[in-house]
Structures are given as C-alpha cells and as structure tokens.
Amino acid sequence: MTQEDIKSNQKESDESIFALNLFSHPFNRFANKNVYVVISGISGAVFMSRFTYFYGTISTIEKRFKIPNRIIGLWSIGHEMVMIFVAICVTYLAGKGHKPRWIGIGLIATSISCLLMAFPHFIYGGGSAESFTLEYGSDHNTYDRDHTLEREKRKDLCNSDIDYAAKCDTDEGHTEPQIIFFAAQMIAGIGSALFSSLSSIYMDDNVKKENTPFLISIMFFLGMTGPLLGFALAGLCVKLFVSPSLTPTIADNDPRWVGSWWLGWIVLSSILIMFSIMVCLFPKIMPSAARRKRLAILQGKSQANEDVIPASWNDFLGTIKRLLTNKIYVLYNITGLFSVYGMEPYFMYTPKYIESLYQKTPTESNFYTGTVGFIFTGIGTILSGFVMSRYKPSAKKIVIWNCVISFVCVMCNLTYSQLGCTAKESVFDANTLSIQSSCIENCNCDFVQYAPVCGEDNKTYISACHAGCRDRIDLEGNSTKLYINCTCIASALPEGGSATEGACPIDCKKEFTVFLVTMSFLRLMVATGMASNFLLCMRCVAEKDKTVSLGLSMAFYSILGFMPIPVVFGALVDSTCDLWGKTCTTSGNCWLYNGPSLRYLLNLTTSFSNSIAFCLNIVLCYFVRNLSIFDEENSSRNRKTSEDTQRLETTNF
C-alpha cells in the first residue's frame, strides 16, 4: 500500500465518524443506514407535508386574501427560480462536500419558509371573517351594539337601504401578503433543491447497489406519509376558526368560514428544525461504506484518489457537458417532463376539484385526497422496492413498465373527464347564479359574499340577497336560518318564496365512489415506478456525476415544468369560473366553477401530456437495452465476456 493510500484511508476514517463522536464515542453506532433511513424518511415526510398542506389550504388562503388561482400560481415561480440556481450550482459543491450538513441546511431553509408563510396572519389578522363572531361589534352602548348586530344580520339580505347593505372589504386584496408568500416560496426553493437532490444520493453512496432499491423504497414510503400528514393537518386547521380567540357564529361548512390556515405552518417549522439537527450529525461517509472502500483499494478494485477531484469551473462545465451529451439521460428527462404535466395538476388541484365537482367541504376533500394518496401510494412504493430487490429487472423492463404506467394514466384521465355530477349541475343554473336579475334590481347585492341558499324550488342561489330574500328567521337557537319573502323564488305566496341556509343537497355518491376508485388505482400504478425510475436516473450517468445529474434534472423540470404549470393550469382553472367575488378595487377569488368545463379542460389536457410520455417511453426502450442497473449485471456480463474470450483463445490454439 502506498503512502497516498494510507493517508486516504485515514481521511476516510475521520469522515466516517458520527458528529457527536467528537464528544462521546457511543453515539458513533448510530451512523448506519438503518438509522439514516428512519431519520431521512421522517424528515422527508415532514418536508413533503409542507406541499400538501399548502395545497390543502389554497382555497382558504384564496378566500381570506381574495387571491385568484393565477396569482397563487405565480408564487411558485419564486420557489422554482431559486431552486434552479441551487439545483445546478450548489448541488455541484454539495456533492463534493459533507452531504448530510447540506441536507440539514436545506431543512432549516424550509423551516424558515414555513414561518414566513404564517407571517401574514400576524400582520393582517382574520379579515372580514371575524365579523361572523359573537365578539364582533360588542360595544358598551346598547343602542350602537344592537344597531351593529342588526346591520350584520341584514347585510346578506336584499336591502333597498344602502346603510344595511353589504360593503366592500377595504382590508382585502392587498399585495403585501402576496409579496410575503412569494418570498417564503423563494426560501423554500433552497430547501427543496438540497433535500430532494442529496438525501437519496447519500443513501445510494453508502449502501451496496443490490440493497439500494428496498432501502430507497422504505425512505420513499416514509416520505409518502407526508402528503397524508399534510392533508390531515390542513383538515384539522381549517376546522378551527382563523382567530381561535374569537367565537364564530357560523359553522365550518359555511362558505364564509375561514379556518386557521396559518397554524399548520408553525407546527411544520418546529418539527423541521428538530430533524435538521439530527441529519447534520451524520458523517460524510458511513463507517460501513468506508470499510468497503478501503477493502476495494486493498484488493486493487479501486484507487484511493479516483473520486477526489477538486471543485473547479472547468470540472463543473465538463460535468454539465457529459450530462447533456448523454442520450439516455436527456431522453429520460424529456419523458419525465411530459409525465409531470400529466400528474402535477392533480396534486395541486385535487382538493379544489373534489370541492367544486362533488360539493365536499375543504376538510372532506383533504381527508379523501390524503388518505387515498397515502394508502395506495405507500403500497405501490413498497411493492416497487420489493420487486426491484427480488427480481432485479433490467433497464429495458423498467422502461416497458413505465409505458404501462403512462397508458394507465391516459385511461384514468379520460375516465375522470366522464365523472361529472349531474345532480349538482341541475341545482346550479344560469338563472339562480345570475347577479343581474331584475328581481334583485334594488337589493344592493354587489358585495354580498358567496353564501348559497337552497330555495323551495330546489335551486341553489348565490346568497339570500341574490334570491331576493328580505327577512330572516333564526331557528333552533340560531343554528339554522330560514329566509323568507324571497322575490326571485317562485311560490304560491304573493310576497315570494323561502330558502334555507346552504346549497341544496345533492346525491353524487355513485360518481364520487367511481372517482375515488379510479384515483386509488392511478396512485397505486404511479407509485410502482418510483424506486425503479430513481435507479434508472442514477445508473444512466457516471458515478461521479450523480449529484449534479439530479440537480440538473430538477432545474430542467423547474424551468419547463414546475414554473409554468401553476400559472398555465391556474389560468385554465380560472377560465372555468362561473362566479367571481368582488373587492373594492378588483375581482377577488372564484366562488363557483363550471363543473363540466373544469373536468373536460383539466383531464383532456393531462391526458394529452401522458400520451406523449407513453410514446417517448417506447423510444427510450431502445436506448436503455445495454444499460446495467445492478452490480450483478456487470459481473454477469464480465463473466460472459471472459468465457467468450477464453473459448475463442482455445479455438485459435
């Protein structure tokens, strides 16, 4: 062994020491793959729950700050802008440095972004939703208090007296909260790039190749609990009133209800800080990996300094050039981009989709989305890791399975497009949703919030004001409201019909059940390709280029996928809006979407993207026919070459 090898072995021994070992030797035993899988998996779960919590509270944030979908889509640009830079440049440096510490920095950045997401609440409070509380308008002057309460009671009715009519929300629609949300997304981009690109690669670097699929699937499975936790947390928070210290007078299924959208961000931030410290304690190289490397050097299978290439501009450019001239790598990422266009809109808009098409509350939508996503995605992820570890399929078989997944996605998209709710469409029509009807000409309904009522004609109206109702009767201790003297509702009574609080009940159980079954099957199939696609991405590039390859892929998906998708699909979703809210200066968020337009436009667009991914996967099958995924394939191929050479030499002799 040379002097250089001895120095290299000593350096690897130092780098494989658990960080806490600087103070206490017993902690070094925790620096192993099993502990890392658990800690990284749980960290991934909390990290992923950030995204689903955001998706689960989008409708509440829209309602609170009167923000349309297209503006929320622009927030994601901040996330992707920073992510592009970090994914390409910083991951290059992190790949040559102490990966666990870089991962910890990413988690800290994500924690800070979570705190910043909650910040607007502490500046602007609960907004106009606080007017629907017992404490609102309380005054020591009895006359003023009664007058205020009477005005609040009548502001959602038809009022010819402008003093009692609903006023525009002067404190809504500010740009300042949007700037804060945009900044939070930018900081989150740092965490996304570092954690997503390094956590799995650190595991792949420190375990045997044949063990990677199962361990990665376990990490992915633990990470998949994140969407469930995120949607569950969102469901719990939106059931709490936006200002917990106040007593609301409306129920959480009331369209005017605004939940505690900000509370979950505080919880997620606290947990992320704790796990960032744990991850930072792991060594640069795990002891078991360091021992295998030293053994390979002793056996002459590896050189001590083969991977020790100092970071430099020329080396960075050389790495990028190698990746961009790699046909398999480039085609794989182009195929993945179209798959992202086929799947990402559903992750963003499934809760809103369920709310709009099947008349579910935000809590119910988050519950169904999170539960179904976790159960079937988890099953698919574990199944993927087991099959990969047990049967070790070739790269070509992996891509063939991707073709099957793309085909299933297309079929499920087309199925979604046919699953409407005719019962809901029959109770919502152009006449009942009109804001220009002659029967409300003198009602001053311009700034009345969306609070649907069900008329005795079994039609749903925008609000009691838009139904022409002039009086309200509180039944059962104010828990149920009956609106009377409604001039827009046909009735035998000369003064008009009546209406009850809430949209007319509908029966969409059959359609919704088919939707859930289809979504479950789709999540299961997509998840079966997670572990295999990760390995395909890692094995199609050189060992020294793995970290940068993943970072470059993330940048590619961000520029052409994750940045335009929220804006493009946000505009598409907004284009199906039938009813917009109003603020003092502009239009607010969408109150009601056109069901048929929403499902056709969203599903046919994603179906087209998945169809292109299917065709590209067929082409990819040709290029990966000689790609090795496992070490055993290389060994088998080498043995076969050796046997053929020996047979040829014997024949020549």
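Student: What's the mean for the protein?
Tutor: The mean pLDDT is 79, and 80% of the residues reach 70 or more. This is a predicted model: local features need pLDDT of at least 70, side-chain atom pairs count only at pLDDT 80 or more, while totals for chains, interfaces and linings use all residues. Residues are numbered from 1 along each chain as its sequence is written, and side-chain values use heavy atoms, leaving out hydrogens and water.

Student: Where does pLDDT stay under 50?
Tutor: Residues 1-14 are one such stretch, with 15 contacts (heavy atoms within 4.5 Å) beyond four places in sequence. Residues 138-145 also stay under 50, with four such contacts.

Student: New topic: is Ser192 buried or exposed?
Tutor: Ser192, in helix H6 (residues 176-205), counts as buried because its relative accessibility is 3%. Buried means under 20% relative accessible area, exposed over 50%, partly exposed in between (1.4 Å probe, protein chains only).

Student: What does Ser192 touch?
Tutor: Leaving aside residues up to four places away in sequence, Ser192 touches Phe47, Phe51, His79, Met83, Thr110, Ser197 and Met554.

Student: And what's the strand order in the open sheet?
Tutor: The five strands run E2-E1-E5-E4-E3, with antiparallel pairing; two strands pair if DSSP finds at least two bridges between them. Strands E2 (460-461) and E3 (469-475) are the edges, each pairing on one side only.

Technical notes:
Helices (H or I, at least four residues) and strands (E, at least two) are DSSP runs, numbered from the N terminus. pLDDT is the predictor's confidence in each residue, from 0 to 100.
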